[in-house]
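Subject: Structure handover

Hello,

Here is the structure I promised to pass on. Please open it first, then read my notes below with the view beside you.

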Amino acid sequence: MSKSISVRYFALFRENAGIDEEQVCSDAKTAGDLFAELIDRHGSSEPLGHCKVAINDELADWDAPVNDGDTVLLFPPVAGG
Amino acid sequence: MMQIGTAVIDPDELRRELFDHAAGAYVGFEGWIRNLNEGHEVLRLEYEAYDPIAVKEGEKVIAEAREKFPLLKAHCVHRTGLLELGDCAVWVGVSSAHRDEAFLACRYIIDQVKVRLPIWKKEHHVSGISEWVNCEHTHE
């Protein structure tokens with residue numbers, strides 16, 4: 001069964017997507033699956049390892065499971081400092 | 001303590017909060033906006049952060065520094081919003097009994113903050129082009 005997941009985009013990903021967030025219906029099992037599924041949206045050729053993901057406001061690994069009702073935050077490569 | 005915000009960073013004021021009679025050393029780091037990056041003349045920088053996680057992760061970094069080194073106080077502030085040349089974008093300050101641990105801890109905190117916190121910067125070049133630092137720009 002498809003899951004309903006809220007996805008939020010930041011910085012470059014937000015500009016590429018043209019939106020801050022959206023509700024997606026997905027069969028993705030992991031955060032990495034979801035990232036790959038939404039590649040047309042965030043439009044990045046960055047390797048997964050350069051990006052970060054948070055699920056429900058906690059940093060997560062790309063192989064972390066995504067569940068119905070989750071909020072997934074997609075972070076492009078960081079550049080603090 | 002980790003803080004993220006748009007307020008101007010005042011290192012002198014922040015430094016005073018680290019005073020401690022047991023401290024024989026204070027090390028501070030200020031990250032400034034410079035006019036050149038990877039061959040591009042920079043006009044200004046725009047910082048964006050996802051505050052809830054940036055603060056949480058920053059607190060974690062500071063706690064790690066405290067575990068690794070015997071510190072008295074440690075504090076980090078990162079600014080967001082539009083910053084001009086010469087502005088202070090990030091400040092780290094630590095106080096400790098001796099200088100070695102203060103130098104090492106300050107270095108540890110700034111290095112980790114740069115790679116772990118969800119903070120992004122967009123460079124506005126003199127040429128009129130803007131780009132997100134560290135990102136590929138391949139969207140059609």
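**A loop in chain A**

A:Asp57 sits in the loop between E3 and E4 of chain A. Before going on, keep in mind that this is a predicted model. The phi of A:Asp57 is positive, about 65°, although the residue is not a glycine. Is A:Asp57 buried or exposed? It counts as exposed, because it has 11 C-beta neighbours inside 10 Å and the cut-off for exposed is 12 or fewer.

A:Asn56 belongs to the loop between E3 and strand E4 (58-60) of chain A. Its phi is near 50°, again a positive value in a residue other than glycine. A:Asn56 has 13 other C-beta atoms within 10 Å, so it is partly exposed. That class lies between exposed, at 12 or fewer, and buried, at 20 or more.

**Where the chains touch**

Now look at the contact between the chains. Chain A puts in 20 residues and chain B puts in 25 residues. On the chain A side, three elements each supply at least two residues: helix H1 (11-17), strand E3 (52-55) and strand E5 (71-75). Which of them gives the most? H1(A) does, with 3 residues. By type, the chain A side divides into 11 nonpolar, 6 polar and 3 charged residues.

**Chain B in outline**

Chain B has 3 helices and 9 strands. Read from the N terminus, its elements run β-α-β-β-β-α-β-β-β-α-β-β. Its C-alpha atoms fill a box of roughly 55 × 25 × 25 Å along the principal axes. Of the 140 residues in chain B, 34% are buried. Take the chain B contacts between residues at least 6 apart in sequence: 75% of them join residues at least 24 apart.

**The sheet in chain B**

Strands of a sheet pair through backbone hydrogen bonds, either parallel or antiparallel. Here, 4 strands of chain B make an open sheet, in the order E1-E5-E7-E2. The pairing is mixed. Which strands are at the edges? They are strand E1 (2-5) and strand E2 (25-32) of chain B, and each pairs on one side only. From one strand to the next, the twist averages 10°.

Zoom in on one pair. E1(B) and strand E5 (residues 71-79) of chain B run in the parallel sense, with 4 bridges. Within this part, B:Ile4 stands opposite B:His78 in E5(B).

A helix goes with this sheet. H3(B) lies across E2, E5 and strand E7 (88-96) of chain B. It runs at about 150° to E7(B).

**The nonpolar core**

In soluble globular proteins, nonpolar side chains tend to be buried together. The largest nonpolar core in this model has 57 residues. Which members touch the most others? From chain A they are A:Phe10, A:Val72 and A:Leu74. From chain B they are B:Ala65, B:Ala105 and B:Ile109. Helix H3 (residues 99-116) of chain B gives the most to this core, with 6 residues.

Finish with B:Ile109. Set aside its neighbours within four places in sequence. B:Ile109 is then in contact with B:Val61, B:Ile62, B:Ala65, B:Ala74, B:Cys76 and B:Val92.

Best wishes

Note on methods:
Residues are numbered from 1 along each chain as its sequence is written. Chains are lettered from A and ligands numbered from 1 in the order in which they are written. This is a predicted model: local features need pLDDT of at least 70, side-chain atom pairs count only at pLDDT 80 or more; totals for chains, interfaces and linings use all residues. Two residues are in contact if their C-beta atoms, placed from the backbone, lie within 7 Å. Ala, Val, Leu, Ile, Met, Phe, Trp, Tyr, Cys and Pro count as nonpolar, Asp, Glu, Lys and Arg as charged, and the others, Gly among them, as polar. A nonpolar core is a set of buried Ala, Val, Leu, Ile, Met, Phe, Trp, Tyr and Cys residues joined through C-beta atoms within 7 Å. Two strands pair if DSSP finds at least two bridges between them. Axes are lines fitted to C-alpha atoms, for helices over the stretch in contact, and angles run from 0 to 180 degrees between N-to-C directions.
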